[in-house]
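Student: I would like to learn how to read a model like this one. Where should I start?

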Amino acid sequence: MSEPPPVIDTPALPARGGTGVLPPPPPARGLTRARVAGIGLLGVWALVGIGTAVFLLASWNPELFARYAPRYLSGLWITVQLVAISVLAGAVLSIPVALGRRSKNRVAAALAYGYVYFFRGTPLLAQTFLVYYGLGSFRPELQAIGLWGFFREAWYCALFAFTLNTAAYQAEILRGAFESIGRGQWEAASALGLSRLQTIYKIILPQALMIALRPYGNEIILMIKGSAIVAIITVYDLMGETRRAYSRTFDFQTYIWAALIYLSLVEMLRIVIERIERRLTRHLRR
């Protein structure tokens, strides 16, 4: 009678319906180097915040606050106006630029690429100087076409430069958002008999805006912080009023108050964008 074949040990198979994927390793316990570094940085920032609060309380000057607080509010309103109008105007201008970047026409694509390349590759301060000081050299020509009344005002020059700058960035944001939408979306819309305009308006644009929301928020935040440069060309925005207050008082806390106002403005904008994004993507959460 023959002997039975030897039994070969085989690894146990996963239960029916299982994937066989091992669970993730448990998180590391104890104080790792990364945690120590993070705790140290948080401690440094906490000390900076406490020191700033102590300095402001110790050097509090009610007379100074009563005198310059209305001017700070006026400067803040000018900053908000400048950023809001330039971002909205830049959004309108960014649409043809983004279409030009995606155009199959070489001339249109080259012009759009050159526009984006220049305004994204040069500092906003240099662009503002080119508009404010450069166009002033063409006063007779601007007077002949009736535009000197616009470009002789520093606020309008800053608005014009900011609009051109943010339009270049928004065009790239919009182009990237459109290109991130899969080709299958267009094919499915065509199979349903939708026109190209209906496809863009009802299918592509809503998805592209969800993708572009965060980059748009970052661009607005950068514009808020970059708007401080208009103080150099005699626009009394928030930073302009801060410089004027410091030149008359030589009190360093004037700049601290301006920094806190900018920080509060940016934080409020971040919270609004986060809530909008959470609202638009609520169907993606389980």
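This is a predicted model: local features need pLDDT of at least 70, side-chain atom pairs count only at pLDDT 80 or more; totals for chains, interfaces and linings use all residues.

Student: What does the secondary structure of the protein chain come to?

Tutor: Count the elements, then read their order. The protein chain has eleven helices and zero strands. Along the sequence this gives the pattern α-α-α-α-α-α-α-α-α-α-α.

Student: How many of the residues count as buried, as a percentage?

Tutor: The protein chain has 286 residues, and 30% of them count as buried. Its accessible surface is about 19600 Å², with 66% belonging to carbon and sulfur atoms. For contacts, look at the separation in sequence. Taking contacts with a separation of 6 or more, 72% join residues 24 or more positions apart.

Student: How do I read a buried residue, such as Ser-94?

Tutor: Check its accessibility, then its partners. Ser-94 lies in helix 2. Its relative accessible area is 1%, so Ser-94 is buried. Beyond its neighbours within four places in sequence, Ser-94 is in contact with Ala-167, Gln-170 and Ala-171.

Student: And Ala-177, where does it lie?

Tutor: Ala-177 is part of helix 7, residues 154-179. With a relative accessible area of 2%, Ala-177 is buried. Setting aside neighbours within four places in sequence, Ala-177 touches Ala-208, Ile-211 and Ala-212. Pro-215 is 38 residues from Ala-177 in sequence, and their C-alpha atoms are 9.7 Å apart.

Student: How do I read a pair of helices, and at what angle do helix 2 and helix 10 cross?

Tutor: Take the approach of the axes, then the angle, then the residues in contact. The axes of helix 2 (residues 62-101) and helix 10 (residues 238-249) come within 7 Å, crossing at roughly 155°. An angle over 145 degrees counts as roughly antiparallel. Helix 2 and helix 10 are therefore roughly antiparallel to each other. On the helix 2 side the contact includes Leu-64, Tyr-68 and Arg-71; on the helix 10 side, Leu-238, Glu-241 and Arg-244 are among the residues involved. By class, this contact of helix 2 with helix 10 has six nonpolar, four polar and four charged residues.

Student: What about helix 10 and helix 11: within what distance do their axes come?

Tutor: The axes of helix 10 and helix 11 (residues 253-280) come within 9 Å and cross at roughly 165°. That angle makes helix 10 roughly antiparallel to helix 11. The crossing of helix 10 with helix 11 is right-handed. Contact residues include Met-239, Arg-243 and Tyr-246 of helix 10, and Tyr-255, Ala-258 and Ile-261 of helix 11. By class, the contact of helix 10 with helix 11 has eight nonpolar, three polar and one charged residues.

Student: How are helix 2 and helix 3 arranged?

Tutor: Their axes come within 7 Å and cross at roughly 125°, with helix 3 covering residues 106-121. That angle makes helix 2 oblique to helix 3. The crossing of helix 2 and helix 3 is left-handed. Leu-93, Val-97, Gly-100 and Arg-101 of helix 2 meet a set in helix 3 that includes Ala-108, Ala-112 and Tyr-115. By class, the contact of helix 2 with helix 3 has eight nonpolar, one polar and one charged residues.

Student: Last, how do I read the backbone angle phi?

Tutor: Most residues other than glycine have a negative phi. Thr-234 is not a glycine, yet its phi is positive at about 65°. Thr-234 is in the loop between helix 9 (196-226) and helix 10.

Student: Is Thr-234 buried or exposed?

Tutor: Thr-234 counts as exposed, at 54% relative accessibility.

Student: Where is Phe-250 found?

Tutor: Phe-250 is in the loop between helix 10 and helix 11. Phi of Phe-250 is also positive, near 55°. The relative accessible area of Phe-250 is 63%, so Phe-250 is exposed.

Technical notes. Residues are numbered from 1 along each chain as its sequence is written. Side-chain values use heavy atoms; hydrogens and water are left out. Axes are lines fitted to C-alpha atoms, for helices over the stretch in contact, and angles run from 0 to 180 degrees between N-to-C directions. Helices (H or I, at least four residues) and strands (E, at least two) are DSSP runs, numbered from the N terminus. Angles under 35 degrees count as roughly parallel, over 145 as roughly antiparallel, 65 to 115 as roughly perpendicular and the rest as oblique. Contact means heavy atoms within 4.5 Å. Ala, Val, Leu, Ile, Met, Phe, Trp, Tyr, Cys and Pro count as nonpolar, Asp, Glu, Lys and Arg as charged, and the others, Gly among them, as polar. A crossing is left-handed if the near helix is turned anticlockwise from the far one by less than a right angle, and right-handed if clockwise. Buried means under 20% relative accessible area, exposed over 50%, partly exposed in between (1.4 Å probe, protein chains only). Accessible areas come from the Shrake-Rupley method with a 1.4 Å probe; for residues, only the protein chains shown count as cover.
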